[in-house]
Number of protein chains: 2
Amino acid sequence: MSQTAVKSQTQLDLLSLALGSGTLDDVRRMLSDMPAADVAYLLESSPPKHRHVLRKMLDDELAGEVINELSEDLQADFLGRMDAEEVAQITEGLDDDDVADILQQLPDRITNEVLDSMNQQDRARLEQVMQHADDTAGGLMNTDTITIRADLTLDVVLRYLRRHEEIPEMTDNLIVVTRNDRYIGLLPLRTLLVADPAVSVREMMITDQEPIPATLPDDNVARLFERNDWVSAPVVDDNGKLLGRITIDDVVDVIREDADHSLMSMAGLDEDEDTFAPIRRTAPRRAMWLGINLVTAFIAASFINLFQGTIEKVVALAVLMPIVASMGGIAGTQTLTVLVRGMALGQVTATNQGWLINREFAIGLLNGVTWAGVVAIAASVWFEDWTLGLVIACAMVINLVTAGLTGAALPLLLRRMNIDPALAGGVVLTTVTDVVGFVSFLGLATVFYG
Amino acid sequence: MSQTAVKSQTQLDLLSLALGSGTLDDVRRMLSDMPAADVAYLLESSPPKHRHVLRKMLDDELAGEVINELSEDLQADFLGRMDAEEVAQITEGLDDDDVADILQQLPDRITNEVLDSMNQQDRARLEQVMQHADDTAGGLMNTDTITIRADLTLDVVLRYLRRHEEIPEMTDNLIVVTRNDRYIGLLPLRTLLVADPAVSVREMMITDQEPIPATLPDDNVARLFERNDWVSAPVVDDNGKLLGRITIDDVVDVIREDADHSLMSMAGLDEDEDTFAPIRRTAPRRAMWLGINLVTAFIAASFINLFQGTIEKVVALAVLMPIVASMGGIAGTQTLTVLVRGMALGQVTATNQGWLINREFAIGLLNGVTWAGVVAIAASVWFEDWTLGLVIACAMVINLVTAGLTGAALPLLLRRMNIDPALAGGVVLTTVTDVVGFVSFLGLATVFYG
């Protein structure tokens, strides 16, 4: 491991030790020269008791930056204990989009108090960002842009920049606008630094980067950034008027959250789930998910119940039936996962979904036949009963084909119904593969042994 | 949906139609004015037959950029059909790190031929990048940096930049080095543009951004970028000598791949898995995963087999036993997912893992007791047998506690054994919860009904 990585790991361990043994002066000293993002990381990696101690040691300025870096779950935790005045204090100095994110999580009463405590100009800017939903381009943007006009020469632009005390972070382009603030193009700093100062902005600006509409969903924004390798991009309203710009640091958070969303949702968890959430918060959320799955388990059991007579006659069926059901679940989950990821990446469309369903049908059939053979032999030898082998083989093929078809068609269907396939897909899928697995196996057995 | 998003969606649909109906001139015209990343996206979203047609329409320059944007699976597919000369042609004009990635996927013979066809300087640069493993900072970096010396004035730096034809993309900082190329600090372009031209680089450079060691694993690099909101960062060797720099566009790919890795691995899939891979490639991979799970299913079945006598006496046990096993599987998967994500984010350490195992034990106990009550009543009423209710309630508590403990401890154990918890965790976990579920339920039943 490298020095840098070792450094923060060691800090974390040292801090835990210091927190555990109660030498708070050591902790305070360690925190004082740590960047906000590292403090946020320490908080996210600490159990609740340590968090409580850490939190009390942050001064207002650091607290604002730290809160901004935390996941939503933890932000809510911090903010829940603050009044409007404290919120106003700690959010001073943050970017508009970050302040908007924080305010949107608070009760309306507190949000209004915070807005009232601001000066006219700050409030107007913030209210503009807060008009836009959190998960759209408008909610991601901030308003600290440097705009220039197309008829200036580069020399004038350079002198204009020198009048600034500083240029906003992540500024890779100056934004070229009309007299009415309509977006025209971008002038990269890297062009400004090498081009002839006598030429005009119009000659050097790039015009092929389309601006982002404020209403574009944030996952589409992320895909545009990923695909075009942007560091920042201008945001416009319906009339092409410049509203602000989005920077890659905020987009990276969207990418991370979107990717985590699929993983966490498939286990019935929220992507904002705090790894070290206290029991009282985690247990009820998980209990609900277990309850939903309990209902589906009873549905599957009620189908087994139909075949009590057959099981009584051939107890080996009870031994083997979970194999058929679980293989269907595994195969279906593979297909579902491929589809969920493909949909998250925007690859699955009306024109290619038919191909995918066909492919999954074929794979289900192929792998069903392959493993049916193996299972048939294993079962026949184990219970010295070739009928049993035949029955389980047929049931396997039926269930793996069902798994492939359901795993592919279900997420497409759920998406059309505006239900999140990552969240609901697994529950419905395993119910289907359990029921079809049990019914096909026990049903065929009833026919053969009846 | 926005214009931009609609645009590429419509392009994709149009292209599919054009490919389907065979009007290839239309396709060629559409491709000619599309950026490489969009073409790559179209390829990734197309079934194999269409890909084949698309591929043949790309000229060398576009082909290089397109291949660079593709996922590894598809890259291999493209490159597999090329000889050394073709590879050399299409990789002209790509960044060093990208060329290195491509060459590392080819057979040694072809790689050497491609290197031989290059001029001395290009080859030396490439060989330097290729020394480093693909998944380290060294493998991510490219060598097109602009370096300056600390004793220059900003005015001299500005004039030096003007002698360049262009500044490399994603250049937000100039890198300050000693006479011996050792890294000292960074001069942001945004400082250069506003600071007094008469002052020296030394006075204005930032020195608190530590350089990245070339051996740092790429997931740690990604975490540093995420945490510090970097656009680019310098890479150094063991002696602090500057080797190159890493840019955010390559880091975004690492973040995406790492996040996808957990999702895909938990279903036994590869994160590079091509959504539209042909059957002959997908079926065998999935068959292997099914085979592994088949073994574990037989292990669970062999435990049920021990209780044939009890099941014969009380057939309702066969009806209810999958409920106990599946609830354990669901609960365990939730815990495992939280741990896998926490580990991927670097949050789980030696000092806090004990806390996590304790919490998961407590949650398992709490939710076990909660749902055991419900299940007990449901089972008792259904089969009019209160003993059955008592047995299933005890088994549920036992299995949910086991699920919580296993879900938390197993990934930690696997990590210590250098086995990927995302890949192996689920298989081992469900085997444990199946076996414990079946054995506790049927075992207790044997005691009570025996």
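Chain A of this predicted model is divided into three domains: domain 1 covers residues 3-140, domain 2 covers residues 147-246 and domain 3 covers residues 279-449.

**Domains 1 and 2 of chain A**

The C-alpha centres of domain 1 and domain 2 of chain A are 30 Å apart. Contact between these two domains involves 7 residues of domain 1 and 10 residues of domain 2. The size of an interface is often expressed as the accessible area lost when the parts come together. For domain 1 and domain 2 of chain A, the area buried between them is about 630 Å², with 62% of it on carbon and sulfur atoms. On the side of domain 1, Asp135(A), Ala137(A) and Leu140(A) lose the most area to domain 2, and together they account for 62% of what that side buries.

What kinds of polar pairing occur here? Between domain 1 and domain 2 of chain A there are 4 residue pairs in polar contact, while the number of salt bridges across this interface is 0. Helix α11 of chain A, residues 137-140, gives the most to the side of domain 1 that touches domain 2, contributing 3 residues. Sorted by class, that side of domain 1 has 2 nonpolar, 4 polar and 1 charged residues.

**Annotated regions of chain A**

An unreviewed UniProt entry places the feature "transmembrane region" at residues 287-308, 314-340, 361-383, 389-414 and 426-449 of chain A. The unreviewed UniProt annotation "domain: CBS" covers residues 205-263 of chain A. The table gives the end-to-end C-alpha distance and the secondary structure of some annotated spans.

| Span of chain A | Distance between end C-alpha atoms | Helix and strand |
|---|---|---|
| Residues 205-263 | 42 Å | 46% helix, 22% strand |
| Residues 361-383 | 31 Å | 100% helix, 0% strand |
| Residues 389-414 | 36 Å | 100% helix, 0% strand |

**The contact between chains A and B**

How many residues does each chain bring to this contact? Chain A supplies 125 residues and chain B supplies 125 residues. The two chains bury about 11800 Å² between them, and 66% of this area is on carbon and sulfur atoms. Leu193(A), Arg227(A) and Arg341(A) supply 7% of the area that chain A buries against chain B, which is more than any other three residues.

The interface of chain A and chain B includes 40 residue pairs in polar contact. The largest share of the side of chain A that touches chain B comes from helix α19 of chain A, residues 316-344, with 17 residues. By class, this side of chain A has 70 nonpolar, 30 polar and 25 charged residues.

Side chains of opposite charge can pair when their charged atoms come close. Over all chains, the structure holds 26 salt bridges, and 10 salt bridges are found across the interface of chain A and chain B. One salt bridge joins Arg256(B) to Glu226(A), with the closest N and O atoms 2.6 Å apart. This pair crosses between chains, linking helix α16 of chain B (residues 248-265), which holds Arg256(B), to helix α15 of chain A (residues 218-228), which holds Glu226(A). A salt bridge also joins the side chains of Glu226(B) and Arg256(A), with an N to O distance of 2.6 Å.

Conventions
Residues numbered from 1 in each chain as written. Chains lettered and ligands numbered in written order. Predicted model: local features only at pLDDT ≥ 70, side-chain atom pairs only at ≥ 80, totals over all residues. Heavy atoms only, no water. Domains from an automatic or database assignment. Contact = heavy atoms within 4.5 Å. Buried area = accessible area lost by both parts, 1.4 Å probe. Salt bridge = Lys/Arg side-chain N within 4 Å of Asp/Glu carboxyl O. Polar contact = N/O pair within 3.5 Å; in protein donor to acceptor, adjacent residues only side chain to side chain. Helix = DSSP H or I, 4+ residues; strand = E, 2+ residues; numbered from the N terminus. Nonpolar A, V, L, I, M, F, W, Y, C, P; charged D, E, K, R; others polar. UniProt positions renumbered as here; feature names shortened; annotations may be inferred.
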